[in-house]
Amino acid sequence: MYLQLTPRELTFRDEVRAFLSSSVPRDIREKMLNDGRLSKEDIVRWQRILNVKGWAVPHWPVEWGGTNWTAVERYIFREEMQAFPAPPPLDFAVDMIGPVLIAHGSDEQKRQFLPRIANLDDWWCQGFSEPGAGSDLAALKTAARRDGDEYVLNGQKIWTTMAHYADWMFCLVRTARGEKKQNGISFLLVNMKSEGITVRPIITMEGDHEVNEVFFDDVRVPAANLVGEQDRGWDYAKFLLSNERATIARVGVSKARIRRIKELAASEYCMGRPMIENRRFREKLAAVEVELKALEMTQLRLVAGEEGNGRTGSSDATASLLKIKGAEIQQATTELLVELAGHFAMPFIDNESQELVGDCWNGPFVTPEWAARAAPTYFHWRKMSIYGGSDEIQRNVLARGIFGR
Amino acid sequence: MDFRLTDEQRLLKDTLNRLIAEQYPFDRRRQYQSEKDGWSRAAWARLADLGILGVLLPERYGGAGGGPIEAMIIMSAFGRGLLLEPFFATVVLGGNLLTLGASEAQKVLLLPALASGKLLLGFAHTERHSRHDLANVATRARRDGLQWVLDGEKCVVLHGDVADKLLVSARSGGEDQYDEDGISLFLVDAEASGVSRRDYRTQDGLRAASVSLTDVHVSSDALIGTSDAAFPLIEEVAHHAIAAICAEMVGAMEEMQEQTVEYLKTRVQFGAPLSKFQVLQHRAVDMLMALEQARSMAMFATMMLGEKDLTERRRAMSAAKIQLGRSSRFVGQQAIQLHGGIGMTMDCKIGHYFKRTTMLDLQFGGADLHLQELAEMGGLISPGAPLPRMDRPIVGRSL
């Protein structure tokens, strides 16, 4: 056992830190520190900086732009980006569809898409969930009928993150009715400019437009856009979901937020003293930090390949544990942020116009920028224990690990 | 980073697991508990024969030169086996105090005897109001010519009833009862004149004693280290103790988790095994998560024993104790609940593990005291600039 980062790993970490300090655009970092919403342009700008450096898709094979880093190095890179903070890569592109194409795509698909994913020339969205198929994903109904060299799509997807930016969607469609509902699903790449696609915004409770409904009305998709074999899409979807493992806990994100909370709490006052001197607040913060440190170690155990992989039974189960705890901790940090903002969390600032909503505003100072985002951030991240397999589904996965079946 | 065991470490782990499985089943433990000392001298001798008692001690004194990882492996195995023997008191506390603080002559004299199982030690430090405050020492030490004279009361000295020698902390100087300066450490023969011990069984079936010292005279070579300067040594050993406690708790929690899963698979209610009920599955999963987080923090504590920066080490130890305290309380309470009535009985193993982890949480500061400490130290994550200090919490100074 060697329970420290090796000298080589520490050198690598310093190299990543130096790169981030010199390369993350200041305005983007500011936005992230304040939990501001990144624009499409922000994310594209950062991805292209990474691509110039050769770090856009470090976990891919070298021939497609990968780096040959070890699992621990990849972890360090992600963690440092999150903690800096720098924008996360568009995971639908580099973590989801990229690896699927590398493993299961045709040569033509790889040549066409992979370099464009690395440079974020195409914006990708994920078409998995449907109104009747959320946690029970295999219950999906969107149908693709083969018609000559094309598939014809009809149906509806929901919760499609940033579909309004998207050039392409990878989606699961039903191509056959099997005895098992997991059979007969296919994995298609759909050009979002195709005729018959309607994207309709869903406004979430914090007032933001991030997710959408997508409707397919006789949308024609070239058969060449089928990934792998017809009717075997479920296997590729499972492969895709298992790739989330390395980043799912988002330890660095929580670290960055806690660091930010501490900084702010030194200048926010309560009963004549900085909030950071409020014992109750400080203890709550410390309690979250302990869980976070434990999660970081748990994640490192997974990444560095612990013998026997703990007692969770499988690495899938460990990933579920990371998802649940990671979400709990992130949600706890957003709660602390609201508590810190106190009454300053109340003014409603419209995210689109960046303006206060109401008629009685008579001056420039209403609320510090970070405090204006505190409540929306808290509201927004309630989703974390729901998406990507809800907490309850993750517990079912873990339960299968320990009870067998 | 590498979480894999070396060949030697795996051998140690396998040896211990085999030994405990073969020679320390639960009903045998019950027999051992009824022996005179409340544990088995024969089992102790076997641990000595296998070299386990010396694993952590330096090679030149008859040990194997093991470090924190070996300590973690041993304590974790003992936690699973729910051992009664005085390994923690003698080797982790006593052995570390001597290895880190004693003179060459003292080590040569004592450590080989420790490794061979012939010498039992007790750490007589805790007092009526000291709780987690390691500097709170009221027991007095005064010089009398070439001798020292000790007076005071020590509480809950683990295995103090059987200890051949007691390591006694006493105040020989300093500003007041709470000063880190002015504490000295003495090696006192348990049978010395003026030492009286009152021994008892603890809630978890182990043994402890209260020790009173009245006009106890010891010679100058009984002093461990330098006079008035024992606090750093005591604190460092407390950190080793915390890491060891964490590892033992992990072992005990593993057993509770596995037993509970087994029970849920076999116990039939409403026509189905309990494991078919989703609400119970999810409880078992939550236990597992608490266990895995605890395991991670036990490793963190182990890793941080080598940390040179004292503040960082203090933070780490507090953090580990918080996680283990919280996790073990959760796992233990759920294990009892999921076993139902049977879990409440003396015949069921679960209760014994629950009692053990509950007692372990109380040693060297419980979860809440450490949370207070960690918050005071500014938590684990640095904000960039140092945080303003809160008023230092007053621990153990009332009454």
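The model is predicted: local features need pLDDT of at least 70, side-chain atom pairs count only at pLDDT 80 or more, and totals for chains, interfaces and linings use all residues. Residues are numbered from 1 along each chain as its sequence is written, chains are lettered from A and ligands numbered from 1 in the order in which they are written, and side-chain values use heavy atoms, with hydrogens and water left out.

The interface was examined first. Chain A contributes 48 residues to the contact and chain B contributes 57 residues (contact means heavy atoms within 4.5 Å). The two chains bury about 5100 Å² between them, 64% of it on carbon and sulfur atoms. Buried area is the accessible area (1.4 Å probe) that two parts lose on being put together, summed over both. Between chain A and chain B there are 2 salt bridges. A salt bridge is a side-chain nitrogen of Lys or Arg within 4 Å of a carboxyl oxygen of Asp or Glu. A:Arg301 and B:Glu292 meet in a salt bridge through their side chains, at 2.5 Å from N to O.

On the side of chain A that touches chain B, α8 (251-265), α9 (279-303), α10 (315-341) and α12 (391-403) each supply at least two residues. Helices (H or I, at least four residues) and strands (E, at least two) are DSSP runs, numbered from the N terminus. The largest share, 16 residues, comes from α9(A).

Over all chains, the structure holds 22 aromatic pairs. Rings of Phe, Tyr and Trp (its six-membered ring) pair if their centres lie within 6.5 Å; planes under 30 degrees apart count as stacked, over 60 as edge-to-face and the rest as tilted. A:Trp123 and A:Tyr165 pair edge-to-face, with 5.3 Å centre to centre and 90° between the planes. These two residues are 42 residues apart and link distant parts of the chain. A:Trp123 is buried at 1% relative accessible area, whereas A:Tyr165 is partly exposed at 24%. Buried means under 20% relative accessible area, exposed over 50%, partly exposed in between (1.4 Å probe, protein chains only).

B:Thr139 lies in the loop between β1 (121-124) and β2 (140-144) of chain B. This threonine is buried, with a relative accessible area of 1%. The side chains of B:Thr139 and B:Glu127 make a polar contact at 2.8 Å. Beyond neighbours within four places in sequence, the contacts of B:Thr139 include B:Asp151, B:Ser169 and B:Leu213.

The salt-bridge count over all chains is 56. A:Arg45 in helix α3 and A:Asp27 in helix α2 of chain A are 18 residues apart. Their side chains meet in a salt bridge at 2.9 Å, N to O. A:Lys325 forms a salt bridge with A:Glu328, with the closest N and O atoms 3.0 Å apart. Both lie in helix α10 of chain A, 3 residues apart, and so are separated by about one helical turn. A:Lys325 is buried at 9% relative accessibility, while A:Glu328 is partly exposed at 32%.

Key. Polar contact = N/O pair within 3.5 Å; in protein donor to acceptor, adjacent residues only side chain to side chain.
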